[in-house]
Amino acid sequence: MIKTITRQISDFEGQKLSEFISQITIGLFAIIGFAYGFHYQDLSATMKIYLGGIIITAFLTLPPWPFYNLHPVQWLPEISNKETEKDVK
């Protein structure tokens, strides 16, 4: 299972989704942390909430989850050396 997780890659749409998730979650935790810290006048709690958000965001966006590869890229087939030699001459 570890081997399949480490060999997967994200497609372009998956990278876009990952970026969107990271921006929303970090922003959300920053707002929640600021509001909580402002209300209780506790900077330490603000930083803990924000750090928790960064950790959750990292868990959601850094591993190559399968839902980040729903639109795989279809690459062109490889050209053999014989075909390229014909094109050069």
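Surface patches are made of residues with over 30% relative accessible area and no salt bridge, like charges being joined within 9 Å and nonpolar side chains (Val, Leu, Ile, Met, Phe, Trp, Tyr) within 5 Å. A salt bridge is a side-chain nitrogen of Lys or Arg within 4 Å of a carboxyl oxygen of Asp or Glu. Accessible areas come from the Shrake-Rupley method with a 1.4 Å probe, and for residues only the protein chains shown count as cover.

The model is predicted: local features need pLDDT of at least 70, side-chain atom pairs count only at pLDDT 80 or more, and totals for chains, interfaces and linings use all residues. Residues are numbered from 1 along each chain as its sequence is written, and side-chain values use heavy atoms, with hydrogens and water left out.

**The whole chain**

Display the protein chain as a cartoon. The chain contains 4 helices and 0 strands, in the order α-α-α-α along the sequence; helices (H or I, at least four residues) and strands (E, at least two) are DSSP runs, numbered from the N terminus. Of the 89 residues, 16% are buried. Buried means under 20% relative accessible area, exposed over 50%, and partly exposed in between (1.4 Å probe, protein chains only).

Among contacts with a separation of 6 or more, 71% join residues 24 or more positions apart; a contact means heavy atoms within 4.5 Å.

**The nonpolar patch**

Select L17, F20, I24, F67 and L70, which together make a nonpolar surface patch of about 490 Å². L17 belongs to helix α2, residues 12–40, and is partly exposed at 32% relative accessible area. I24 is also in helix α2 and is partly exposed, with a relative accessibility of 46%.

**Along helix α2**

Colour G14, S18, I21, S22, T25, G33 and G37, the buried residues of α2. The buried residues of this helix pack against α3 (43–61). Centre the view on S22, whose relative accessibility of 15% makes it count as buried. Leaving aside residues up to four places away in sequence, S22 touches T57 and T61.

G52 is partly exposed, at 24% relative accessible area.

**The aromatic pairs**

Show the aromatic side chains. The whole structure holds 4 aromatic pairs; rings of Phe, Tyr and Trp (its six-membered ring) pair if their centres lie within 6.5 Å, and planes under 30 degrees apart count as stacked, over 60 as edge-to-face and the rest as tilted. One of these pairs is Y36 with Y40, a tilted arrangement with 4.7 Å centre to centre and 50° between the planes. Both tyrosines lie in helix α2, 4 residues apart, about one turn of the helix. Y36 is partly exposed, with a relative accessible area of 39%.

Move on to F59 and W65. Their ring centres are 5.5 Å apart and their planes stand at 70°, so this pair is edge-to-face. F59 is exposed at 54% relative accessible area, whereas W65 counts as partly exposed at 28%.

Finish at Q41, in the loop between α2 and α3. Inspect the backbone here: phi of Q41 is near 55°, a positive value in a residue other than glycine. Is Q41 buried or exposed? Its relative accessible area is 65%, so Q41 is exposed.
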